[in-house]
Amino acid sequence: MLLRLLLLFSFVLCSSAIAKADSSQQQILAAVDKLEALNEHLIQERDEEVISALLEQQADQLERLLRQLRTTTLARLPSAIDVKRQNLLESRMAINQERGNKIAVLRDMAELETAKTRQAVRSYLEFLIQASANYVGIDEIVAASQRLLEKSRQRAETLKLPAVPVEGQIFAAFEHNQQQFTLVNTTFQDILKYVVNNPRQIASTHWFQEFSLLSIISYINHFDVLRGINHKLIPFKIDVGGVSVSLAIILLVYFSYPFLFKFTSSFIKKYVIDEEVDLQTQIYHEIRKPARALLIFFGIDLATYAFFYKTDYRPSIENITFVIYSLIIVWLMFKILDTVVLVQVRKISQNNTELRKELINLGVQTGKVLILVVVLAIGLNHFGISITAIMSTLGIGGLAFALAAKDTLSNLFGGITILFDNVFRMGDWVKIGDVEGTVAEIGLRSTTIRTFDNALITIPNAQVSVSSVMNWNRRVVGRRIKMHIAVTYESNMDDIRNALNDLREMLKSHPGIANPKQKLASGHRHFKLSSLEDVKGIKATQLVFMDRYNDSSIDILIYCFSKTVNWAEWLAVKEDVMFKIAEILRKNHLEFAYPTQVRIHRAEMKAPA
């Protein structure tokens with residue numbers, strides 16, 4: 001039972017809505033027909049008083065029509081074109097055109113244009129309904145109406161009666177159709193003109209649209225006390241309302257600035273990065289400057305608009321503000337890109353994921369270039385410069401551009417080669433030619449090296465890509481320790497033999513020295529034909545031998561590698577090994593040799609007497 005009641009209620013509502021729509025549709029079409037009837041009377045009437053009365057009725061009817069359009073819920077109106085009749089007329093026009101029957105062609109053309117004009121009227125009424133429902137601006141409605149008005153006038157020029165009438169039924173039919181077209185087209189023009197002159201009768205204004213600087217300025221200037229002051233300010237093209245609103249905007253921006261950035265800081269802390277206070281502070285300071293500049297300039301822009309709204313300087317000021325807004329937005333987007341990358345890199349690093357900083361840096365630079373290109377394209381389009389024409393010019397002068405930018409392109413491809421060959425990374429200790437230091441940055445054009453005396457050297461990527469590069473950081477295990485220990489010739493050979501054994505045992509058991517038996521236990525998998533020692537830089541050789549008889553000493557060779565590749569840690573390991581060597585030599589009764597000279601005096605042999 002309940003279901004039946006719901007269905008019945010729905011049926012009643014639908015029927016009511018359909019009936020209401022049909023009624024509204026009939027009222028709108030009847031209003032248009034009424035306007036055509038009034039125009040027909042105006043064309044035939046010669047009495048001025050009657051014409052004036054008819055014009056008043058026409059204005060009332062137009063006002064009533066716009067009111068109906070503004071309040072209706074319709075979205076579409078029925079078509080005014082009979083497709084079959086249209087096809088018939090077009091076919092008949094083609095036949096008469098071939099036979100040279102010009103009057104017959106004009107007769108059918110007038111009938112066809114009348115139907116098209118009726119359809120144009122209904123399409124325009126549908127546009128007005130949608131414009132009112134969707135809060136379309138007054139300027140847009142007026143511009144569209146003016147375009148249609150110009151097309152209507154051009155259409156009327158194509159269907160004029162000949163200067164000399166022609167006898168016959170065909171010409172009489174053409175004359176009748178032409179009068180119908182003129183009547184419908186005139187009605188269409190009347191509706192268009194009325195909307196152009198009275199757009200507020202159809203345009204619905206949202207409450208937010210009413211809240212504008214001009215409405216506030218107008219409200220202030222309406223006070224009787226200010227009219228005398230504004231009269232004196234006319235030569236300067238300013239008024240009290242504009243000046244007051246301008247000062248109010250500046251004060252509002254000044255006092256709202258601390259609260260806005262306090263909210264921004266809290267937002268970043270809560271939603272962007274909620275753990276590391278140092279990172280949150282860094283992000284805040286990075287974004288604060290461009291955001292502050294954007295806020296301040298926004299206030300200045302509004303204040304300037306309120307102050308100079310009566311002057312002719314506004315177009316020039318708008319162009320300047322557009323450029324400044326573009327620069328500030330680019331600055332802000334650069335900072336946002338940097339901070340986003342900073343946060344993501346920090347998160348990935350916490351997951352023990354190896355990152356190539358130079359690739360991230362290249363991606364950031366590429367993103368910034370894209371931002372610049374997009375903003376530049378928008379700016380050129382704003383100033384009326386065709387992007388297509390510029391691209392065509394670049395295409396024509398592409399060869400000259402390539403020749404002029406040969407070095408730049410070489411550096412660009414050299415940088416790409418460095419990144420994909422993975423020759424070195426940011427932070428690596430390298431030697432490129434005569435330059436030695438740590439890699440500070442790998443850019444699109446050049447690579448910067450921070451030398452050990454803290455100088456910054458920039459090398460073009462094209463030069464780096466063809467130079468020999470020595471990279472000390474490409475060692476997983478093994479920084480070499482090589483030395484000769486000199487002992488005196490007075491040493492006992494058994495003591496030297498025992499010292500050699502002790503030295504070998506010391507190196508094998510030393511925690512900081514790489515052991516040959518453990519050299520593959522580094523966790524690196526290797527499936528290439530080349531050796532792991534060569535690819536990964538894993539060195540664990542240990543050599544202790546009596547190497548040579550020197551001029552004043554017997555030299556013992558010690559050749560090994562530390563586990564660490566860090567310079568400071570390597571020095572510490574090397575120092576400990578040297579202390580242990582001294583202890584082993586003392587234990588085995590050996591002494592360090594130093595340069596000595598031995599002079600031998602022999603008795604002279606005397607001849608027998």
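Let's start with Phe297 and Tyr325: both of them are buried, where buried means under 20% relative accessible area, exposed means over 50%, and partly exposed lies in between, using a 1.4 Å probe and protein chains only. Please keep in mind that this is a predicted model, in which local features need pLDDT of at least 70, side-chain atom pairs count only at pLDDT 80 or more, and totals for chains, interfaces and linings use all residues. Residues are numbered from 1 along each chain as its sequence is written, and side-chain values use heavy atoms, with hydrogens and water left out.

Now, back to our two rings. A search of the whole structure finds 6 aromatic pairs. Rings of Phe, Tyr and Trp (its six-membered ring) pair if their centres lie within 6.5 Å; planes under 30 degrees apart count as stacked, over 60 as edge-to-face, and the rest as tilted. Phe297 and Tyr325 are edge-to-face, at 4.9 Å centre to centre with 80° between the planes. Phe297 belongs to helix 11 (residues 277-307) and Tyr325 to helix 12 (residues 314-350), so this pair ties together parts that are 28 residues apart in sequence. Helices (H or I, at least four residues) and strands (E, at least two) are DSSP runs, numbered from the N terminus.

Here is another pair to find: Tyr489 and Tyr549 are stacked, 6.3 Å centre to centre and 15° between the planes. Tyr489 sits in the loop between strand 6 (479-487) and helix 18 (493-509), while Tyr549 is in strand 7 (residues 543-549), 60 residues apart. Tyr489 is partly exposed at 39% relative accessible area, and Tyr549 counts as exposed at 56%. Elsewhere, ring pairs link Tyr124, Phe127 and Phe188 into a cluster.

Which strand holds the bridge partner of Tyr549? That is strand 8, where the partner is Ile554. Strand 7 and strand 8 (residues 554-562) run antiparallel, joined by 6 bridges; two strands pair if DSSP finds at least two bridges between them. They belong to an open sheet of 3 strands, ordered 6-8-7 with antiparallel pairing. Strand 6 and strand 7 are its edge strands, each pairing on one side only. The twist averages 25° from one strand to the next; axes here are lines fitted to C-alpha atoms, for helices over the stretch in contact, and angles run from 0 to 180 degrees between N-to-C directions.

Helix 18 packs on this sheet, touching strand 6, strand 7 and strand 8, and its direction makes about 145° with that of strand 7. Contact means heavy atoms within 4.5 Å. Helix 20 (residues 567-587) lies across strand 6 and strand 8, at about 25° to strand 6.

Strand 1 and strand 2 form a hairpin with 2 residues between them, and Gly433 in the turn has a positive phi of about 65°. Further along, strand 2 (residues 435-442) and strand 3 (residues 446-451) run antiparallel with 5 bridges, and Gly437 stands opposite Thr451.
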